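Try each task before reading its solution.

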Amino acid sequence: MDTFDINALKPYKYLFFTGKGGVGKTSLSCSAAVAFADAGERALIVSTDPASNMQDVFETEISEEGTQIEGCPNLTVMDVDPLKEAAAYRENVVGPYRGILPDDAIANIEEQLSGSCTIEIAAFDRFAWALTDEDVAARYDRIVFDTAPTGHTLRTLELPSAWTNYLDENSTGTSCLGQLSGLGVKRETYARTVATLADGSRTGMVLVARPQTPTLEEAARSRAELSDIGITCQMLVVNGVLEQATDEVSGEMLDAQKEALEHMPDGLAGLKTYRVPLRSRDVTGLALLRAFLKGGDDPSAAPAGLERPDVRPLDDLVDELAGSDRRVIFTMGKGGVGKTSVAVDIAKGLARRGEKVRLTTTDPADHLGNFDLDTPGLSVSHIDERHELEAYKTEVLDTARKTMGDEDFSYIQESLRSPCTQEIAVFRAFADIVAKADDEVVVIDTAPTGHTLLLLESTQSYDEQMESTGGEVPESVRSLLPRLHDPAQTEVVIVTLPEATPVYEAERLRDDLNRTGIESRWWVVNQCLSLGDVTDPMLRARAASEQQWIDRIDALSKGLTVGIPWNASGDVR
């Protein structure tokens, strides 16, 4: 692999960085944007990630309107807040009808606009604006998108075609997003967005991975799904490649990386591939962003002696859970911090202590199949999105046939073509699994932060959405939110890494959970180099930087902090 060079991106006005959470999309996209700006180009970088952390990378508050970065005058940074965008979108749809339609009609539209799918559509509106607005195109020479973790990104990129097809087929004047006039005016914008995405002379897609099998597999899936929707101009950047080993830990890391890179998925064959060496520090601030793609990293400043962090083993957490009445256990955190591996260890630990345990995931990028789950007392559930969608549509239509005339039934058929239907179907499957907590402990490996919170928030509007499509609200859904809000029944374990961005994101997650009435107590700090015996200069420099973040977490958790040492078999998932 060649070392990544910014010149590889020069042919493209529009650049997208995508990949599994935690692979370094933000570091790469922000460094690229800074490099273009330093070269005299007028650059704009936009985050469409609900779990964006660009304010941490640039060490400044970022606005939705765009913030010029001090010290880099050619660079504008825009951070889209999907919740604010959704509120503005709802008012854009509803506002013209206030005082014209009856109050109950207005209330009905607002209810239809209250689901999580609306949040994704609203964020997409800003995404499409940056791609198609003529003023934006004239104002900036280069437009970079720091996109969300893979599942969310692909959903967003598929929306132009999905919504265009839906608008073409719908004749009722109403959808799960309310009056079609709120979407119909977007037809031309959607068409231009699709054309721009598929234009290989203007648009480039950078797939980002780590030298780890799960992230490379995710990149291969992304390549295939992007190609299916006409986006074929792609390249792969493998971030965090260790260049040499000088001790046992670095040797294990180097061997694990080489193994992953030598057995890359077939789906990546023929793709131009670059590497970015592992850096000794978090990439925050302009100086480190400028150095990130240029090299010159100096790990020699690491202290001679490293203090071993005072944290708890994972067994302490499992012991407490086994002795409690908590029947629903979530592992939550930013994508790529290791939620899956922690969920697996908790589930297996509880099963070994005599509990009947069910392990499942709500993450579209499901990786449970990568683990040995053959443990007595442990069952595994998978949510198959396509299966759940078809089952849900069949159930709704079967119910509708019994009570509706032809005209009303046709409306239900058309309503079910909406992309929002998949949100409802998957959410119901999630609720059904949580309902099993009556008979067993349910351990849930959740999706990356933004997706998780949108999923949980959708409980509040699920009744209205079900009613609007003619479905019945299952008891599992009615009882879900009270269970999640009861700390005697539910435990939320926040998982992070001992690095700046994952810790900041975990803090925001905790605050968001608190606002929704869901408590969290235990924190797990995964893949800690400072808990191992490292002498390699690069790894010692990274280990030395971990202590400040572990101390911060321990203060937040009031001592309920678990530390897990780095290990070659513990791929961060």
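A residue counts as buried under 20% relative accessible area, as exposed over 50% and as partly exposed in between, with a 1.4 Å probe and protein chains only. This is a predicted model, so local features need pLDDT of at least 70 and side-chain atom pairs count only at pLDDT 80 or more, while totals for chains, interfaces and linings use all residues. Residues are numbered from 1 along each chain as its sequence is written, and side-chain values use heavy atoms, with hydrogens and water left out.

**Exercise 1. Get an overview of the chain.**

Step 1: Count the elements, taking helices (H or I, at least four residues) and strands (E, at least two) as DSSP runs numbered from the N terminus. The chain has 24 helices and 18 strands.

Step 2: Look at burial. Of the 573 residues in the chain, 58% are buried.

Step 3: Turn to contacts, meaning heavy atoms within 4.5 Å. Among contacts in the chain with a separation of 6 or more, 78% come from residues 24 or more positions apart.

**Exercise 2. Classify Trp-549 and its aromatic pair with Tyr-504.**

Step 1: Apply the ring rule: rings of Phe, Tyr and Trp (its six-membered ring) pair if their centres lie within 6.5 Å, and planes under 30 degrees apart count as stacked, over 60 as edge-to-face and the rest as tilted. A search of the whole structure finds three aromatic pairs.

Step 2: Begin with another of these pairs. Phe-16 and Phe-145 are stacked, at 4.5 Å centre to centre with 5° between the planes. Phe-16 sits in strand S2 (residues 14-19) and Phe-145 in strand S6 (residues 142-149), 129 residues apart. Phe-16 is buried at a relative accessible area of 0%, and Phe-145 is buried at 0%.

Step 3: Now take Tyr-504 and Trp-549. Their rings are edge-to-face, 5.5 Å centre to centre and 80° between the planes. Tyr-504 belongs to helix H22 (residues 500-515) and Trp-549 to helix H24 (residues 546-557), so the pair ties together parts that are 45 residues apart in sequence.

Step 4: Check accessibility. Trp-549 is buried at 7%, whereas Tyr-504 is partly exposed at 25%.

**Exercise 3. Describe how helix H13 packs with helix H14.**

Step 1: H13 (residues 314-322) and H14 (residues 339-352) pack at about 55°, with axes 10 Å apart.

Step 2: Name the geometry. Because angles under 35 degrees are roughly parallel, over 145 roughly antiparallel, 65 to 115 roughly perpendicular and the rest oblique, H13 is oblique to H14.

Step 3: List the contact residues. H13 contributes Leu-314, Leu-317, Val-318, Leu-321 and Ala-322, and H14 contributes Asp-345, Ile-346, Gly-349 and Leu-350.

**Exercise 4. Find what covers helix H23.**

Step 1: Count the burial. In H23 (residues 537-544), six of its eight residues are buried.

Step 2: Identify them: Met-538, Leu-539, Arg-540, Ala-541, Arg-542 and Ala-543.

Step 3: Find the partners. These buried residues pack against helix H11 (248-262) and H24.

**Exercise 5. Are Glu-59 and Lys-558 buried or exposed?**

Step 1: Locate the residues. Glu-59 is in the loop between helix H2 (54-57) and strand S4 (67-69), and Lys-558 is in the loop between H24 and strand S18 (561-565).

Step 2: Read the accessibility. Glu-59 is exposed at 57%, and Lys-558 is exposed at 77%.

Methods
Axes are lines fitted to C-alpha atoms, for helices over the stretch in contact, and angles run from 0 to 180 degrees between N-to-C directions.
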